[in-house]
Each structure stands twice: as C-alpha cells, then as structure tokens.
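Please look over the sequence and the model shown here before reading on. The paragraphs that follow are meant to be read with both in view.

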Amino acid sequence: NKSTGRAWVGTTTQNIIEPTSGQTYATKWTKATPISISIEVVSPNGDATNITNAILAYVAGSVSNFPLVTGSAWGIGGEVSAFEIAAAVSAQYPQYLITNVQITRTASISYATTPIQMLVTEIAYANAGTISVTAS
C-alpha cells in the first residue's frame, strides 16, 4: 500500500514497488511551493550579524536544545511565529535583548507579530536578504 505522505494526485508521478507483493503502482505527489518570509528584528544591544545567523540556524532546524516539533523549524504546512524567532535568537544569544520581531510574506509586505500559517502545499523559507536587524 502507499506510504504516509504519498497521495494519488499531484504533478509528479513515481512508480512504487510494494515490497511484500511486488505489485507496481503509480504514486503522484507535488513538491511544496517555497514562500519567502521577511523578518524585521529590533535589539538595543545585539549584533546584527549574530542575530541574522541565529535566525538562519533556527530556520534550518540546527539550534541545539531548541524545542522543535518536526525537527525543522519551518516544515511543510507549518506556522511561522515571530515569538519563536525571538525565542530562537535568545536561546543562542541570551545576552541580547530582543524588543520586537515582525514577519510578513515577502511577496506582500505587511509586517506584523501575528503568526503566518503556511498551506499544506507551502513551505516557508528565509535567507540573509530577507532578514533586517536594527541593533545598536
């Protein structure tokens, strides 16, 4: 039978051989659409480069001892949270005070602290170019 996460619909078809019966059947699937997220951070005592790198580590799911539900900070259909971004920076740099984090879909700029829910066909991403840090 088909494995979890596979569907009978989608834009890509792949033949699968069922190990027990040897039966071959076509499974269809679609890759998630990448959605760029822009992030603005304010820190009166932080270093902009360190904060940017801390956010990128969070997005990649590589912050040790940081509680992630799926092992990746932003999974397919996941939620992007300004609060979690602030917490991830604080987990890596507890000496930095983070006073504000706002997020938005890059395609339609409207910064807010409200979480952004991805559709089940979307996956959020950010890069150094979509992160703005105001630090003194």
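This is a predicted model: local features need pLDDT of at least 70, side-chain atom pairs count only at pLDDT 80 or more; totals for chains, interfaces and linings use all residues.

Residues are numbered from 1 along each chain as its sequence is written, and side-chain values use heavy atoms, with hydrogens and water left out.

The secondary structure of the chain consists of two helices and eight strands, where helices (H or I, at least four residues) and strands (E, at least two) are DSSP runs numbered from the N terminus. Read from the N terminus, these elements follow the order β-β-β-α-β-α-β-β-β-β. Of the 136 residues in the chain, 32% are buried, a term that stands for under 20% relative accessible area, with exposed meaning over 50% and partly exposed lying in between (1.4 Å probe, protein chains only). The chain has an accessible surface of about 7,900 Å², and 55% of that surface belongs to carbon and sulfur atoms; such areas come from the Shrake-Rupley method with a 1.4 Å probe, and for residues only the protein chains shown count as cover.

In soluble globular proteins, nonpolar side chains tend to be buried together. A nonpolar core is here a set of buried Ala, Val, Leu, Ile, Met, Phe, Trp, Tyr and Cys residues joined through side-chain atoms within 4.5 Å. The largest such core has 29 residues, of which Ile37, Ile39, Ile55, Trp74, Val80 and Ile85 touch the most other members. Two or more residues are given to this core by each of strand S3 (33-43), helix H1 (48-60), helix H2 (82-92), strand S5 (100-105) and strand S8 (131-135), and H1 provides the largest share, six residues. Val80 shows how such a residue is surrounded: apart from neighbours within four places in sequence, valine 80 is in contact with Ile37, Trp74, Ile85, Ile103, Pro115, Ile116, Met118 and Ala124.

Helix H1 can be followed from its start to its end. At its start, a side-chain oxygen of aspartate 47 comes within 3.2 Å of the backbone nitrogen of threonine 49, a polar contact in the sense used here (a pair of N or O atoms within 3.5 Å, where within protein one must be able to donate a hydrogen and the other to accept it, and residues adjacent in sequence count only if both atoms are side-chain atoms). The 13 residues of H1 reach 18 Å from the first C-alpha to the last, close to the 18 Å expected at 1.5 Å a residue, the expected span being 1.5 Å times one less than the number of residues. The buried residues of H1 are Ile51, Thr52, Ala54, Ile55, Ala57, Tyr58 and Val59, and they pack against S3, H2 and S8. An α-helix has 3.6 residues a turn, so residues three or four places apart point the same way. One of the buried residues, threonine 52, has a relative accessible area of 13% and, leaving aside neighbours within four places in sequence, is in contact with Ala128, Ile131 and Val133. After H1 comes glycine 61, with a positive phi near 75 degrees.

Which parts does the pair of tyrosine 58 and tryptophan 74 tie together? Rings of Phe, Tyr and Trp (its six-membered ring) pair if their centres lie within 6.5 Å, and planes under 30 degrees apart count as stacked, over 60 as edge-to-face and the rest as tilted. By this rule there are two aromatic pairs. The rings of tyrosine 58 and tryptophan 74 have centres 6.2 Å apart and planes at 90 degrees, so this pair is edge-to-face. Because tyrosine 58 lies in helix H1 and tryptophan 74 in the loop between H1 and S4, the pair ties together parts that are 16 residues apart in sequence. Tyrosine 58 is buried at 1% relative accessibility, and tryptophan 74 is buried at 3%. Tyrosine 93 and tyrosine 96 form a stacked pair, 5.0 Å centre to centre with 10 degrees between the planes.

Two loop residues complete the picture. Glutamate 18, in the loop between strand S1 (12-17) and strand S2 (24-29), is buried, with a relative accessible area of 15%. A polar atom of its side chain lies 2.8 Å from the backbone nitrogen of threonine 20, and a polar atom of the glutamate 18 side chain also lies 2.8 Å from the backbone nitrogen of serine 21. Isoleucine 76, in the loop between H1 and strand S4 (79-80), is exposed, with a relative accessible area of 55%.

Conventions
Contact means heavy atoms within 4.5 Å.
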